[in-house]
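This report covers salt bridges, strand pairing and surface charge. The sequence and the structure come next.

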Amino acid sequence: MDMPQTRWAETVDGLDIAYQVFGEGEVTIVFITSWISHLEIDWEFPHYSAFLRQLASFARVVLFDKRGTGMSDRFSRAPDLEARMDDLRAVMDASGTERAALLGLSDGAALAALFAATHPDRTLAVIFDGEARTAWAPDYPWGEPDDSEATRRLQEIWGDEEHAAEFGRLVYGADLPDLEDPEFCRVWAKEARFAATPKSMAAFNDVYRETDVRDILPLVQAPTLIPTPSEGDEDARASDAYVAERIAGARTAVYRGRYGAAYLKGSEDYARIIERFLASVTQEETELDRVLATVLFTDVVGSTQKAAELGDARWKGLLDRHDAVSRALIARYRGSEVKATGDGFLATFDGPARAVRCAHSIREGVRPLGLEVRAGCHTGEIKLMGGDSPAAGGADVGGIAVHIGARVAALAGPSEVLVSSTVKDLVAGSGLVFTDRGEHQLKGVPGPWHLYSADR
Amino acid sequence: MDVPQARWAKTPDGLYIAYQDVGSGPALVLVNGMYSHIEVYWEWPQFARFVERLATSLRVLHLDRRGTGMSDRVTDDPTLERSLDDVSAVLAAAGVERAAIYGWGEAVSLAALFAATYPEKTLAVLLDGDLRLKWAPDYPWGTKPDEEEAFVNRLFEIWGQDEHALEIGQLTCGDRSEDGPWHDEAFVRVHARLARFATTPGGFLAFTRTEYETDAREVARTIHVPAAVLVKEGAAAAPSWLGYGAALDPARDWSPARTSRAVAEYNASLIPGARLVTVPGAAAIPFFDQEETYADAMIAFVKSVQHEEAALDRMLATVLFTDIVGSTDKACELGDRRWTELLERHSQVTRAMLARYRGIEVNTTGDGFLATFDGPARAVKCAQAICEAVRPLGLEVRAGCHTGEIELLGADVGGIAVHIGARVAALAEPSEVLVSSTVKDLVAGSGLIFEHRGEHALKGVPEPWHLYAVAQRDPT
């Protein structure tokens with residue numbers, strides 16, 4: 001994979017934010033990096049680019065430089081979380097990303113949580129790989145102590161390849177084997193030069209230290225993963241546990257490696273737990289699109305014969321009137337028309353008794369037209385395909401319950417409303433009267449089904 | 001009853017519409033025919049008795065549409081579309097969201113158009129008389145252009161003149177029967193006065209032109225609110241539009257009683273699901289005879305619709321109840337302040353999970369929640385997620401789910417299914433999600449695994465219920 005094309009998104013306050021989109025998959029991951037970055041230089045990190053390629057193998061990835069760093073507009077003030085949220089939104093809009101999994105690194109994780117709490121509808125999932133608060137506090141003993149000395153030193157050796165190893169240690173805050181790789185350190189120094197100035201870096205550090213979204217955590221609704229390194233230190237584990245306790249239903253997954261795995265050697269396991277998590281979220285999402293509904297199928301009896309009898313023009317006129325009557329009654333009983341099937345309708349209802357009553361009314365309503373319909377109802381979990389809910393209309397529905405409804409309707413006699421035992425059981429007390437029509441095999445549906453004829 | 005106080009409602013285009021507001025109960029808008037005058041109408045004792053009877057059970061909003069009576073006169077044609085605003089304005093002024101709309105005579109088309117255009121404001125529509133329909137092969141009762149012309153010319157000549165009151169009445173009602181209203185001298189005089197007070201000959205012409213341009217067939221077919229077409233059992237008179245033709249051309253052989261019925265049936269057949277309501281009496285003007293019985297038939301229809309509406313508010317839902325285990329002990333142990341904080345965290349966590357699984361919070365008791373779901377599997381998964389999510393807080397909850405038809409009571413819910421859900425939850429063990437057999441059957445195929453927990457009698461619920469515990473899900 002070549003390096004992706006860099007594009008720019010405009011924020012509400014008129015800044016240009018550089019972003020890249022690459023990879024393919026059902027899920028879009030928006031990767032929110034920490035501190036400073038440079039979209040194009042960052043691809044020179046050998047392990048990081050491998051990590052990005054691995055993400056791209058199972059997801060569509062959106063990467064961006066926040067305002068003030070890299071290829072995005074620079075300005076004197078380092079952006080707080082709220083301004084960065086605008087950047088994120090602008091990039092999502094510009095890249096056509098309605099909903100995404102947010103992968104937040106370090107204080108990017110805090111931003112991901114804030115965005116998830118603010119825009120639950122646009123957040124598919126959160127991968128929280130960072131801290132809710134940066135700085136030490138009496139009630140947050142795992143925070144980082146004052147680091148102004150380190151910042152001062154970083155300014156002195158900013159982008160200086162001769163001090164690349166020291167630079168790396170200061171940034172990482174600890175020793176790690178990768179720092180022995182001179183190429184890794186060289187790219188790091190180069191990235192620093194391209195991404196920010198010593199002064200703006202210091203400003204980023206100040207903002208970074210002010211990060212605190214602890215109160216936001218309980219408001220996150222999205223499925224959340226907290227990746228935990230097998231070689232993490234005590235403080236990191238404590239801060240992960242702190243977050244896990246506060247984000248409802250957050251899952252923790254241990255990966256082989258160290259904190260900051262995306263940039264380091266051996267990032268495969270880190271990418272793998274992300275992949276596995278997103279797969280489970282996607283699976284859960286498809287289940288969330290299942291709603292309990294009552295499907296109603298209607299069908300004009302003997303339509304072919306009738307059409308031949310009347311001739312095309314008159315038959316079409318009659319069908320139009322049949323459609324108008326059916327539609328009016330579906331609306332009256334608060335059903336949602338899913339589709340017209342030629343000489344019948346498929347509609348869904350959120351009340352089974354209403355579906356049955358609607359069927360009765362359609363039967364009565366088309367009788368003056370000289371038509372008879374057969375109708376069938378079944379209640380079960382259906383899958384919404386496109387659209388938000390059956391009430392939103394327009395969307396198609398699927399699932400075994402829809403098939404059962406169709407089979408039940410096909411077995412109905414002229415002017416009969418046939419229902420499954422599920423419907424009968426659910427409308428107990430509605431005043432509807434049922435006549436046992438015995439057990440039937442429904443084509444393509446396992447097991448015998450008990451059907452009932454419904455009357456007012 | 002005294003003549004009710006007139007009030008005025010303002011339309012979006014700045015006209016004032018006169019109306020009376022009398023009685024209490026479900027609202028019913030009473031729209032009169034082509035010309036009306038809300039105060040002169042009360043001079044007809046039959047009308048007074050009719051409205052008084054309606055007002056015993058309904059809140060009657062009686063109005064003059066634009067161009068007539070005590071409402072603003074208009075210089076341009078008072079089209080039906082514009083008159084819709086008159087009805088809306090009166091509803092808004094009276095603070096009524098939904099009303100039954102009753103139209104008789106020429107107002108039938110207006111009432112029908114209102115019902116078709118604003119189903120959300122229309123509880124039901126009641127029509128007496130014929131929709132304005134042009135002559136067609138399957139509708140021989142429609143008027144033809146030459147008949148319309150002759151009718152308009154004659155009525156224009158004799159507008160409001162006492163000495164022609166009888167002819168006016170016969171022309172507009174077509175009723176020339178021996179014992180019809182036109183032999184009641186007082187009635188005839190009021191009728192002529194009504195015409196003079198309602199509008200001018202020019203205003204009348206404008207109305208008539210509008211009516212003749214209307215064909216309400218397509219409108220009628222799109223009505224999907226409950227509709228009743230009222231017809232007098234012994235209709236000695238033909239309905240209004242028919243009457244014009246009949247009055248002018250005695251050669252056309254109308255048999256009023258039969259044609260009234262046929263016209264009403266035809267009208268009813270145009271409106272999906274419309275009910276044909278036969279009422280006793282013979283007079284063409286609905287409230288001229290048997291006015292109280294007639295009012296009762298209207299009341300009965302509105303009430304039956306209201307009853308049906310209540311049933312429509314039932315929807316299938318899965319209810320989820322959660323409850324903190326041992327909350328009293330815990331509260332004592334922690335002290336008020338810390339317990340309140342913990343409860344707050346518990347609520348946040350629960351709400352986050354309800355939102356994720358698309359549940360709707362109905363209410364909370366502080367240490368428990370009631371929510372509804374449109375998918376039973378989601379309710380169960382949400383319950384599991386809540387059980388797990390509150391555990392880091394040092395809390396345990398019990399949870400119960402049941403699926404059934406519930407009643408929407410504003411923001412609250414009711415019905416036996418809600419009670420069953422509460423009883424099921426009460427039987428759950430700490431950190432257990434207990435469900436009724438209904439839920440278990442409905443989520444077949446969802447991958448959820450259940451363990452039978454036996455048959456239980458649920459307090460206040462007839463028949464024992466099989467309950468099932470949801471097996472713990474795989475922590476990965």
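R258(A) counts as partly exposed because its relative accessibility is 27%, where partly exposed lies between buried (under 20% relative accessible area) and exposed (over 50%), with a 1.4 Å probe and protein chains only. The side chain of R258(A) meets that of E231(A) in a salt bridge, that is, a side-chain nitrogen of Lys or Arg within 4 Å of a carboxyl oxygen of Asp or Glu. The two residues are 27 residues apart and link distant parts of the chain. This is a predicted model, in which local features need pLDDT of at least 70 and side-chain atom pairs pLDDT 80 or more, while totals for chains, interfaces and linings use all residues. Residues are numbered from 1 along each chain, chains are lettered from A in the order written, and side-chain values use heavy atoms, without hydrogens and water.

Over all chains there are 58 salt bridges, including these:

| Salt bridge | N to O distance |
|---|---|
| E231(A) and R258(A) | 3.6 Å |
| E337(A) and R327(A) | 2.7 Å |
| D441(B) and K440(B) | 3.8 Å |

E337(A) lies in strand β10 and R327(A) in helix α11 of chain A, so their pair ties together parts ten residues apart in sequence; helices (H or I, at least four residues) and strands (E, at least two) are DSSP runs. D441(B) is exposed at 53% relative accessibility, whereas K440(B) is partly exposed at 28%.

In chain A, strands β15 and β16 pair antiparallel over seven bridges, pairing requiring at least two DSSP bridges. D436(A) stands opposite Y452(A) in β16(A). Y452(A) is also the bridge partner of V419(A).
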